[in-house]
Amino acid sequence: MDLGIKGKRALVCASSKGLGLGCAEALAEAGVNLVMNARGAEALEAEAARLRDTYGVDVQTVACDVTSTEGQAQVIEAAQGVDILVTNAGGPPPGMWSDWEREDFIKALDANMLTPIAFMKALLPGMMEKGWGRVVNITSQSVRAPIAVLGLSNAARTGLTGYVAGTARQVAPQGVTINNLLPGIHATDRAESLDSAVSLQKNISMEAARAERAATIPARRYGTRQEFGAACAFLCSQHAGFIVGQNILLDGGGTNLTM
């Protein structure tokens, strides 16, 4: 399917690996020029070079921490005029409700709620002026069904979801859509970290921990970054203009919901 976005320009945050890289790659395959961001310059430059060589698109890189005011300013300056925004940030560490203090919540809110909001506030006006734009926020299945040990993520990402619910309906008349992609367990560094925690907690091997978690997914496997990226690219396409303010699960059926 021709996604109809060849020649458009996208900012993809945290895109040197994992789900962000999956989104950047799928957009590049569709002919979209990229602004890629990540904290680690080496991995970022390597992936940017690969996407340039493979798909023949223009790729600009900004290596910085987007949770900082300085990092946000750098990325926003580089991304002026983009047609597509994909927000993404690693989730806060797991733990128990009794472990977290105010500072822990502030860090989670900065990374997983306030940073995406800052990018939307900065870049939505340009999209609205052109009469076309796409925003996809990578959140988590936990906004639909909270995960007890991910309380910091539950709180911050649900706050972002509430913000998007209202904002998406305000910008839709100008041809701009905002939607959220909610990943379940995918084969990324984040999954590796959570599997490691299970391994230590239960004193089992990593392979056993991974098999145990995969068994909880009806698809009986982890998702791939390529599958996730394809879903993101579709939401950014010309075909998705009537999808507004939605929270779309990509979890292999793992979230047990009727609606």
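Modeller: Contact, or touching, here means heavy atoms within 4.5 Å. The model is predicted, and local features need pLDDT of at least 70, side-chain atom pairs count only at pLDDT 80 or more, while totals for chains, interfaces and linings use all residues. Residues are numbered from 1 along each chain as its sequence is written, and side-chain values use heavy atoms, with hydrogens and water left out.

Colleague: Which residues does serine 140 touch, not counting residues up to four places away in sequence?

Modeller: Serine 140 lies in the loop between E5 and H5; helices (H or I, at least four residues) and strands (E, at least two) are DSSP runs, numbered from the N terminus. Its relative accessible area is 10%, so serine 140 is buried (buried means under 20% relative accessible area, exposed over 50%, partly exposed in between, with a 1.4 Å probe and protein chains only). Beyond four places in sequence, serine 140 touches Arg157, Leu181, Leu182 and Pro183.

Colleague: How far apart are the end C-alpha atoms of helix H4?

Modeller: Helix H4 covers residues 102-130, which is 29 residues. The expected span of a helix is 1.5 Å times one less than its number of residues.

Colleague: Against which elements do the buried residues of H4 pack?

Modeller: The buried residues of H4 include Ala108, Ala111, Pro116, Phe119 and Leu124. Their packing partners include two helices, H3 (69-78) and H5 (151-171). The strands against which they pack are E1 (9-12), E4 (84-87), E5 (133-138) and E6 (176-183).

Colleague: What is the geometry of the aromatic pair formed by tryptophan 100 and phenylalanine 105?

Modeller: The structure holds one aromatic pair. Rings of Phe, Tyr and Trp (its six-membered ring) pair if their centres lie within 6.5 Å; planes under 30 degrees apart count as stacked, over 60 as edge-to-face and the rest as tilted. The centres of the tryptophan 100 and phenylalanine 105 rings are 6.2 Å apart and their planes are at 80°, so the pair is edge-to-face.

Colleague: Is tryptophan 100 buried or exposed, and what is the relative accessible area of phenylalanine 105?

Modeller: Tryptophan 100 counts as buried because its relative accessibility is 13%. Phenylalanine 105 is partly exposed, its relative accessible area being 33%.

Colleague: Which residues does glycine 22 touch, not counting residues up to four places away in sequence?

Modeller: Glycine 22 is found in helix H1 (residues 18-29). Eleven of the twelve residues of H1 are buried, so this helix is largely enclosed by the rest of the structure. Glycine 22 is itself buried, with a relative accessible area of 4%. Leaving out residues up to four places away in sequence, glycine 22 touches Arg225 and Gly229.

Colleague: Why does glutamine 80 count as partly exposed, and with which residues is it in contact?

Modeller: Glutamine 80 lies in the loop between H3 and E4. Its relative accessible area is 46%, so glutamine 80 is partly exposed. Apart from neighbours within four places in sequence, glutamine 80 is in contact with Arg9, Ala122 and Leu123.

Colleague: What phi does asparagine 203 have, although it is not a glycine?

Modeller: Asparagine 203 is placed in the loop between H6 and H7. With a relative accessible area of 71%, asparagine 203 is exposed. Its phi is positive, about 55°.

Colleague: What arc do the buried residues of H7 cover around the axis?

Modeller: In helix H7 (residues 206-214), Ala209, Arg213 and Ala214 are buried. What covers them includes helix H6 (189-202). The arc is that of the directions from the helix axis to the C-beta atoms. These residues lie on the same side of H7 because they cover an arc of only 130°.
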